[in-house]
Amino acid sequence: MNRFIPLLASCLLLTPQVAPAATLLFCPFDSLEGWSVRSVGATSAAVVEKSAGARCAQLTSRHGTVLLTRDLPLDSVRGSTITVSCLVESAGVVRGPQVSSTGKLHLAVETPRGVDHYGARFAGDSEWHREGFTADVAADARRVTLNLGLEACSGRVRFDRLMVRNDQRAEHHLSLASTA
C-alpha cells in the first residue's frame, strides 16, 4: 500500500494539465472607451441608462450599419477557443438584404489563409437574454476583431455585460524529482 500512493501521485503528475480559462475582456458598458464606432447611414451609438444606476450600450440604425469594434490581444487568443457572451435586448430589428444583415455579436479571425467568421445573429424583439458563441482561433492568427451591433438593417439593440474568455489549452508537465 505504501508503494501504491507514490505511484498514484506520479501518474497524476504525468497527466497533462489544462490551463484554466481566463477572462480577457469584461465590459459592463459604463462607457464606450476602448471601442471604435463604425457607422454608415442613419445610425447612433451611445451609453444609456438601463435601469436605476445601471447603464448599457445602445445602437440604433435605419437601413444602416453601426458596429462597436475592438481588436483582441493576439498573445491571449492565438491557439485558443474563445467564448464570447453578452446580455442583449432588441427592439424592431428588421433583417436587411444579406444573410449577415442583422443584429450581431461577431468575431473576425484573420489568418494567412483568409478571414474566418464566427458569431451570433438576432432579429425581431427580445427582452434581455444572453447571446454568445465559441470560436477556435488559429495559432497563426494575425488579427482578431470583435464586433457587435447592427449590420445593414434597421432597429435598436442594447448590449450589457460583455465577456470574452479563452481556454488557452496547453500541456504543463510537472517535475517528478520531488516524489522520488
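Two strands count as paired if DSSP finds at least two bridges between them. Helices (H or I, at least four residues) and strands (E, at least two) are DSSP runs, numbered from the N terminus. This is a predicted model, where local features need pLDDT of at least 70, side-chain atom pairs count only at pLDDT 80 or more, and totals for chains, interfaces and linings use all residues. Residues are numbered from 1 along each chain as its sequence is written, and side-chain values use heavy atoms, with hydrogens and water left out.

**View 1. Strand 8 and its partners.** Look for L87 in this view: its bridge partner in strand 8 is D160. Strand 3 (residues 54–71) also runs antiparallel to strand 8, joined by 12 bridges, with V66 partnered by L150. Strand 5 (residues 103–111) does likewise over eight bridges, and here K104 stands opposite G149.

**View 2. Strand 8 under cover.** How many of the 24 residues of strand 8 are buried? The count is 17, so this strand is mostly covered, where buried means under 20% relative accessible area, exposed over 50% and partly exposed in between (1.4 Å probe, protein chains only).

**View 3. The largest nonpolar core.** This core has 33 residues, and those with the most contacts inside it are F29, W35, L146, L148, F159 and L162. Strands 1, 3, 4, 5, 6, 7 (124–136) and 8 each supply at least two of its residues. Strand 8 gives the largest share, nine residues. A nonpolar core here is a set of buried Ala, Val, Leu, Ile, Met, Phe, Trp, Tyr and Cys residues joined through side-chain atoms within 4.5 Å. In soluble globular proteins, nonpolar side chains tend to be buried together.

**View 4. An aromatic pair across the chain.** The whole structure holds two aromatic pairs. One of them joins F122 and F159 edge-to-face, 6.4 Å centre to centre with 65° between the planes. F122 belongs to strand 6 (residues 114–122) and F159 to strand 8 (residues 143–166), so the pair links distant parts of the chain, 37 residues apart. Rings of Phe, Tyr and Trp (its six-membered ring) pair if their centres lie within 6.5 Å; planes under 30 degrees apart are stacked, over 60 edge-to-face and the rest tilted. F122 is buried at 6% relative accessibility, and F159 is buried at 0%.

**View 5. Charges over tryptophan rings.** The charged end of R70 sits over the ring of W35, 5.0 Å from its centre. Over at W128, the ring has the charged end of K50 above it, 4.4 Å from the centre. To count, NZ of Lys or CZ of Arg must be within 6 Å of the ring centre and within 35 degrees of the ring normal. Setting aside residues up to four places away in sequence, W35 touches L25, C27, F29, L68, T69, R70, L146, L148 and L162; contact means heavy atoms within 4.5 Å.

**View 6. A buried arginine.** R158 lies in strand 8. Is R158 buried or exposed? R158 is buried, with a relative accessible area of 16%. Its side chain makes a polar contact with the side chain of Q58 at 2.8 Å. Such a contact is a pair of N or O atoms within 3.5 Å; within protein, one must be able to donate a hydrogen and the other to accept it, and residues adjacent in sequence count only if both atoms are side-chain atoms. Beyond neighbours within four places in sequence, the contacts of R158 include V48, E49, L87 and W128.
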